[in-house]
Amino acid sequence: MSNPSRKYAFDWSVLGGDMKLARPGLGGETRVEVYRLLQFTLRDILEQRYGTAAADEIFLEAGILAGKEFFKHYCAKAEDIPSLAKIIQEQFRDLGIGIVRFEVADPQNMTFQLTVDEDLDCSGLPDSEDHICIYDEGFIKGILDSFTGKDFSVEEIDCWCSGARTCRFKAVLAE
């Protein structure tokens, strides 16, 4: 681990390394239900213990950390916005996170809007009044913050769970 004073400080080594050695029969794949079982039970416990606002804040912060780490690991070679968008689209698809489409990419005004179809977090869930992809907001923010060196605000403006059947995120420079 990178920080010996913390038991759970993130380090890429926790992701398993050589899957042929670690899981010779199963490999590195799992089902969406297993991912969601982890995500939603963890979220439930956090909400029970700390309240909805705190649980949302923790998921947002975790998403930001994950987005920054994702950027370092997968996107660091991006030279401009088009190459970053291409890498994100390819990696999200290859890793089974979702199918990304950039609807707006305006680097002049630092404004972006993108959709994530078949989103790992929520596609197929029942309709509700909520936009639930708070982790994804943080994830996208972490990627954009890392690439630009600026502070972004990312908001989910459409969600599968609110009837949109895609997740749409708007990213602007934070004020």
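Which residues in α3 meet α4, and which residues in α4 do they meet? The model is a predicted one, and in it Phe70, Phe71, Tyr74 and Cys75 represent α3 in this contact. Their counterparts in α4 are Leu84, Ile87, Ile88, Gln91, Phe92 and Leu95. By class, the contact of α3 with α4 comprises nine nonpolar residues, one polar residue and no charged residue.

Two packed helices are described by the angle between their axes and the distance between the axes. For α3 and α4, the axes come within 11 Å and cross at roughly 100 degrees. Angles of 65 to 115 degrees count as roughly perpendicular, and α3 is therefore roughly perpendicular to α4.

Both helices also take part in the lining of the largest pocket, where α2 (32-50), α3 (52-75), α4 (81-95) and α5 (134-148) each supply at least two residues. The greatest contribution comes from α3, with eight residues. The largest pocket holds about 1800 Å³ of space. Its lining consists of 36 residues, of which Leu15, Tyr35, Leu38, Leu120 and Tyr135 are the closest to the centre. In the lining, 23 residues are nonpolar, six are polar and seven are charged.

Confidence in the prediction remains to be considered. The chain has a mean pLDDT of 93, and 97% of its residues reach 70 or more. Among the elements, α5 has the highest mean pLDDT (98), whereas helix α1 (residues 19-22) has the lowest (81). Where pLDDT is low, the predicted coordinates should not be read in detail.

Terms used. Residues numbered from 1 in each chain as written. Predicted model: local features only at pLDDT ≥ 70, side-chain atom pairs only at ≥ 80, totals over all residues. Heavy atoms only, no water. 1 Å grid on protein atoms, 1.4 Å probe; cavity = no way out; pocket = protein on both sides within 12 Å on 5 of 7 lines; lining within 4 Å. Points joined across faces, edges and corners; volume = space filled by probe spheres on them. Helix = DSSP H or I, 4+ residues; strand = E, 2+ residues; numbered from the N terminus. Nonpolar A, V, L, I, M, F, W, Y, C, P; charged D, E, K, R; others polar. pLDDT = per-residue confidence, 0-100. Axes fitted to C-alpha atoms, helices over the stretch in contact; angles between N-to-C directions. Parallel < 35°, antiparallel > 145°, perpendicular 65-115°, else oblique. Contact = heavy atoms within 4.5 Å.
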